[in-house]
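The entries follow the order in which I looked things up.

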Amino acid sequence: MFDINQLRTFLAVADTRHFTAAGTALGISQSTVSQHIRRLEAACGRQLFERDTHTVELTADGTVLAELARDIVGLSRQAADYFADSAPRGRVRLGVSDDLTLTRLADLLRDVGRANPNLSVELTVGLTSLLYQKLDAGRLDLVFAKRQPGDDRGTLIHRERLAWLAHREFALGGEEAVPLVLYPNASITSTLAMEALNGARRSWFVACSSETLAGLRAGAQAGLGVMAQSPLLMRAPGSDLVDMGTSGALPLLAEVEFVVLGRSRRLQGAPAALADLIVEKGPGLWA
């Protein structure tokens, strides 16, 4: 009953409230716009616009059709995208380091769904070192995480300096050993924390360890010690963490780099489409 091209023209007129402007937006003549509207009104058996020499307004029936037409045109576009050869589709196994959950990661994943409705993302969140192992073993297609020292792979997305974080009431003397809250296994943040303290000849010990960032945060929130992590943790809801490094009592921590990388330097298909979106949108996650 309804022609998609006529519905597109109808929506253009409804949005611009002008036949000439609608034709310009669609790249068709004003006479074609008028023809589409006449045929659509004939198909409906209803008047869709009240118009004179100066104004164009939707009728009550036109308002109803406008809501329905947006759904019809939208579904038509989704169907066309799905069956288009150029539309990326398939499953992408994406590994994301757990500290990225502190950013606007949900916004990025929402953008993925909107831009590529045919992609299925299988998300794995965990330690960077474990994500790299899974990537190299072929169990992940793409990793968005910190770059391991000495590894030149990946496209740089963001760079930030780690902070010494502890509960706001935690006190640390200038000479006493530093109680560390860190991952039990080798990790980039734990390695950088130990290297900074060793370089400053400051003694330390492991006061609390956890395999998850949530566990580390709980240990620091409880006042058990200090951890080297992203400053974003101070902005998390309910956080009582502060930066202990501002007083100069602890050595400066190094920067970390967040990159996106795949199993090969040349990505194709669905992983390439997702990587391109991370490169485009990724820097805004820390905003």
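**Entry 1: helix 1 against helix 3**

I looked up how helix 1 and helix 3 pack, and found an angle of about 110 degrees with the axes 9 Å apart. Helix 1 is therefore roughly perpendicular to helix 3, a label that covers 65 to 115 degrees, while under 35 is roughly parallel, over 145 roughly antiparallel and the rest oblique. The axes are lines fitted to C-alpha atoms, for helices over the stretch in contact, and the angles run from 0 to 180 degrees between N-to-C directions. Helices here are DSSP runs of H or I with at least four residues, strands are runs of E with at least two, and both are numbered from the N terminus.

I noted that this is a predicted model, in which local features need pLDDT of at least 70 and side-chain atom pairs count only at pLDDT 80 or more, while totals for chains, interfaces and linings use all residues. Residues are numbered from 1 along each chain as its sequence is written, and side-chain values use heavy atoms, with hydrogens and water left out.

Next I listed the contacts (heavy atoms within 4.5 Å). From helix 1, N5, Q6, L7, T9, F10 and V13 meet V33, H36, I37, R39 and L40 of helix 3.

**Entry 2: helix 1 itself**

Helix 1 covers residues 4-16, which is 13 residues. I read 18 Å from its first C-alpha to its last, close to the 18 Å expected at 1.5 Å a residue; the expected span is 1.5 Å times one less than the number of residues.

I then asked which residues of helix 1 are buried. They are Q6, L7, T9, F10, L11, A12, V13 and A14. Buried means under 20% relative accessible area, exposed over 50%, and partly exposed in between, with a 1.4 Å probe and protein chains only.

R17 is not a glycine, yet its phi is positive, about 60 degrees. I wrote down the general rule beside it: most residues other than glycine have a negative phi. R17 counts as partly exposed because its relative accessibility is 32%.

**Entry 3: helix 2**

Helix 2 (residues 19-26) packs on helix 3 (residues 30-44) at about 105 degrees, with the axes 8 Å apart. These two helices are therefore roughly perpendicular as well. The residues that meet are F19, T20, A22 and G23 in helix 2 and Q30, V33, S34 and I37 in helix 3.

I also checked A21, which lies in helix 2. With 32% relative accessibility, A21 counts as partly exposed.

**Entry 4: further along the chain**

I looked for another positive phi and found R201, at about 55 degrees and not a glycine. R201 sits in the loop between helix 7 (188-199) and strand 9 (204-209). Its relative accessibility is 81%, so R201 counts as exposed.

Where is F170? I found F170 in the loop between strand 7 (163-167) and strand 8 (178-182). F170 counts as buried because its relative accessibility is 15%. Leaving out residues up to four places away in sequence, F170 touches P179, G223, G225, V226 and M244. F170 and M244 are 74 residues apart in sequence, but their C-alpha atoms are 8.9 Å apart.
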